[in-house]
Amino acid sequence: MMMMLVLPLAAMAQNLVNFVLKPDGTYQTEDGKDFIVVPFEGKTAHQIYQELATNVGSTYNDPSKVMSGVEDASIKIRAFSDDLIRAKPFGYVKDQSFGGFYQLEFRIKDGRVRVSAPIIEDRVEYRDIQGKYTHGNFSKYIEAYFKNGVLQDKKQKNYDIVVAKMNGIINSILHTSTVQDAQDDW
């Protein structure tokens, strides 16, 4: 449990990737690209694949259920998060956390990884304390964060939480072993 909290924070401190959320509910780089290339200098594709697969194992409870890949070439992840977005469903006074599926893709070559922008599957849901589900569309809730393409000040906090969560997951998977090595003296 402690590793789940520490790894994303350590990875975010390195800030290897930083995707932003657009008004249509898609992630991109700040300059409008749908991928970022992260250097892994001096490492072979096999070493990078092993490191990323190990980090997936540290990030998810059961990596075999969320990860698929081609050894030494790519890793794909499809996972569920119960906190993908904060929004006010109809009839609720305060923002609720909506869950849904997201997809990540890492393409691997010697010395580098191409990280595709995360994809959030549009259907999201909130389960209230009575067990009733409220469904919505991720893209519609994100659209409400913006007015005329500009992020609304009152939605800034929710926006930052949503973006930090997704970037934190990606960065924890990309996290290089230097921090882990210092803690692995067992």
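Trainee: Why is F19 called buried?

Mentor: The model is a predicted one, and in it F19 has a relative accessible area of 0%. Buried means under 20%, so F19 is buried. F19 belongs to the loop between α1 (2-14) and β1 (20-21).

Trainee: Which residues does F19 touch, leaving aside those up to four places away in sequence?

Mentor: Among them are Y27, F35, V115, P118, V163 and I170. The C-alpha atoms of F19 and I170 are 9.7 Å apart, although 151 residues separate the two along the chain.

Trainee: What makes α2 oblique to α5?

Mentor: Helix α2 (residues 45-59) and helix α5 (residues 156-174) pack at about 130 degrees, and their axes are 7 Å apart. Roughly perpendicular covers 65 to 115 degrees and roughly antiparallel begins over 145; the angle of about 130 degrees therefore makes α2 oblique to α5.

Trainee: Which residues of the two helices meet, and how are they classed?

Mentor: From α2 come L52, N55, V56 and T59, and from α5 come S172, I173 and L174. By class, this contact of α2 with α5 comprises 4 nonpolar and 3 polar residues, with no charged ones.

Trainee: How many aromatic pairs are counted, and why is that of F98 and Y126 called tilted?

Mentor: The count is 4 aromatic pairs. For F98 and Y126, the ring centres are 5.9 Å apart and the planes stand at 45 degrees. Pairing requires centres within 6.5 Å, while stacked means under 30 degrees and edge-to-face over 60; the pair is therefore tilted.

Trainee: What does this pair tie together?

Mentor: F98 lies in strand β6 (residues 96-109) and Y126 in strand β8 (residues 119-127), so the pair ties together parts that are 28 residues apart in sequence. Both residues, F98 and Y126, are buried. Together with Y141, F98 and Y126 form one aromatic cluster.

Trainee: What makes the pair of F146 and Y159 edge-to-face?

Mentor: The planes of F146 and Y159 are 85 degrees apart, with 6.1 Å from centre to centre. Edge-to-face applies over 60 degrees, and the pair of F146 and Y159 is accordingly classed as edge-to-face. F146 is in strand β10 (residues 146-147) and Y159 in helix α5, 13 residues apart, and the pair links distant parts of the chain. Both F146 and Y159 are buried.

Trainee: How do you know that the charged end of R78 sits over the ring of F101?

Mentor: The charged end of R78 is 3.9 Å from the ring centre of F101. The distance limit is 6 Å, with a further condition of 35 degrees from the ring normal; R78 is listed as sitting over the ring of F101. R114 likewise lies over the face of F35, at 3.9 Å from the ring centre.

Trainee: Why is D72 called partly exposed, whereas N148 is called exposed?

Mentor: D72 has 28% relative accessibility, and N148 has 75%. Exposed means over 50% and buried under 20%, with partly exposed in between; hence D72 counts as partly exposed and N148 as exposed.

Trainee: What is the phi of D72, and what is that of N148?

Mentor: Most residues other than glycine have a negative phi. The phi of D72 is near 70 degrees, and that of N148 is about 55 degrees, a positive value although N148 is not a glycine. D72 is in the loop between β4 (67-70) and β5 (74-87), and N148 is in the loop between β10 and β11 (150-151).

Definitions and conventions. Residues numbered from 1 in each chain as written. Predicted model: local features only at pLDDT ≥ 70, side-chain atom pairs only at ≥ 80, totals over all residues. Heavy atoms only, no water. Axes fitted to C-alpha atoms, helices over the stretch in contact; angles between N-to-C directions. Helix = DSSP H or I, 4+ residues; strand = E, 2+ residues; numbered from the N terminus. Parallel < 35°, antiparallel > 145°, perpendicular 65-115°, else oblique. Contact = heavy atoms within 4.5 Å. Nonpolar A, V, L, I, M, F, W, Y, C, P; charged D, E, K, R; others polar. Phe/Tyr/Trp six-rings, centres within 6.5 Å; stacked < 30°, edge-to-face > 60°. Buried < 20%, exposed > 50% of the residue type's maximum accessible area, 1.4 Å probe, protein only.
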